[in-house]
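Have the viewer open and follow along.

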Amino acid sequence: MARPLDMFYFLFFAIHLPASFIVDLQYLYPPQLVPPFMRGLLNFYVDMSRDPLIGGIAGAFGDSAHLTWFKTFIVLEALFQIPVFVLGLRGLYRGSRKIYPLLALYGASSATTTLACLTTVIQTPSLPPNAMAKLAPGVTPEQRLLLLSSYVPFFLVPLIMAVDMALRVAKLAEKGIQAEDEEKWK
C-alpha cells in the first residue's frame, strides 16, 4: 500500500464515527430517543470500567456539574469531530491533499481534549473493589488500566495525525513558495 498512514487514519475514523454516535454522544440525546441497546451498551461499559467521564455525565456517580468542561468536549465532538470524520473518510479514501489542513486541526484539537480526559482518568482515586460505593468516584487498578487502554489510543492517533498532517501541509506550502519564486524570475 502506498499510503499506510492514510489507511490507518481512515480505519480510525471508520471505528470512531459509530462509537461516537453510540456511546459518546448519548449525553446529548433526549433520553426517550435512546434505543435500549445503546443505553444497555453504555451501562455495561460504565459498570465494567467506572469511567469517571462517560459514567459521570450519564449520572452513574451522582451530580455531574463538575464535568461542564467534559460536556463541552462532547458538544465539540458532535459539532466538529463528527463532520471531520465524514470529510476525513471521504478525503482519505480519494487521496485528496486538500483534507490535510482540516486533519491537522482535528488532530491538534482532539489530542488536546483527550489529554484532559487522560489526566482525569489518571487522577481518579484508586479504591479496592470492596470499597467501591455506587456513587463515589474511584477505580480499581484493573479499571484504570482498561480506561487507559481505551483513552491512550484516542490521544496518540490524533497527536500523530496532527504532526503528520502539519508536516505534509508545510511540504506543500514549500513547493508552492518555490513555484511562486520561480514564476517571479521568468
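Predicted model: local features only at pLDDT ≥ 70, side-chain atom pairs only at ≥ 80, totals over all residues.

Phe 70 has a relative accessibility of 5%, so it counts as buried; the cut-offs are under 20% relative accessible area for buried, over 50% for exposed, and partly exposed in between, with a 1.4 Å probe and protein chains only. Residues are numbered from 1 along each chain as its sequence is written, and side-chain values use heavy atoms, with hydrogens and water left out.

Now for the rings. A pair of aromatic rings is described by the distance of the centres and the angle of the planes. Here, rings of Phe, Tyr and Trp (its six-membered ring) pair if their centres lie within 6.5 Å, and planes under 30 degrees apart are called stacked, over 60 edge-to-face and the rest tilted. By that rule there are nine aromatic pairs. In one of them, Trp 69 and Phe 70 have ring centres 5.8 Å apart and planes at 65 degrees, so they are edge-to-face. Trp 69 also pairs with Phe 73, with centres 5.4 Å apart and planes at 80 degrees, so that pair is edge-to-face too. Trp 69 and Phe 73 both sit in helix α4 (residues 68-94), four residues apart, or about one turn of the helix. Phe 73 has 23% relative accessibility, so it is partly exposed.

Helices here are DSSP runs (H or I, at least four residues), strands are E runs of at least two, and both are numbered from the N terminus. The protein has six helices and zero strands. Its C-alpha atoms fill a box of roughly 75 × 35 × 35 Å along the principal axes, and 37% of the 186 residues count as buried.

Which residues do ring pairs link into a cluster? They are Phe 12, Phe 13, Phe 85, Tyr 106 and Phe 154. Take Phe 13, in helix α1 (residues 4-22): its relative accessible area is 0%, so it is buried. Leaving aside neighbours within four places in sequence, Phe 13 is in contact (heavy atoms within 4.5 Å) with eight residues if you follow the list Val 84, Phe 85, Gly 88, Leu 89, Leu 92, Leu 103, Tyr 106 and Met 161. Helix α2 (residues 36-49) and helix α6 (residues 141-184) pack at an angle of about 125 degrees, with axes 9 Å apart; axes are lines fitted to C-alpha atoms, for helices over the stretch in contact, and angles run from 0 to 180 degrees between N-to-C directions. α2 and α6 are therefore oblique to each other, given that under 35 degrees counts as roughly parallel, over 145 as roughly antiparallel, 65 to 115 as roughly perpendicular and the rest as oblique. On the α2 side, Tyr 45, Asp 47, Met 48 and Ser 49 meet Gln 143, Leu 146, Leu 147, Ser 150 and Tyr 151 of α6. Also in α2 is Phe 37, which at 56% relative accessibility counts as exposed.
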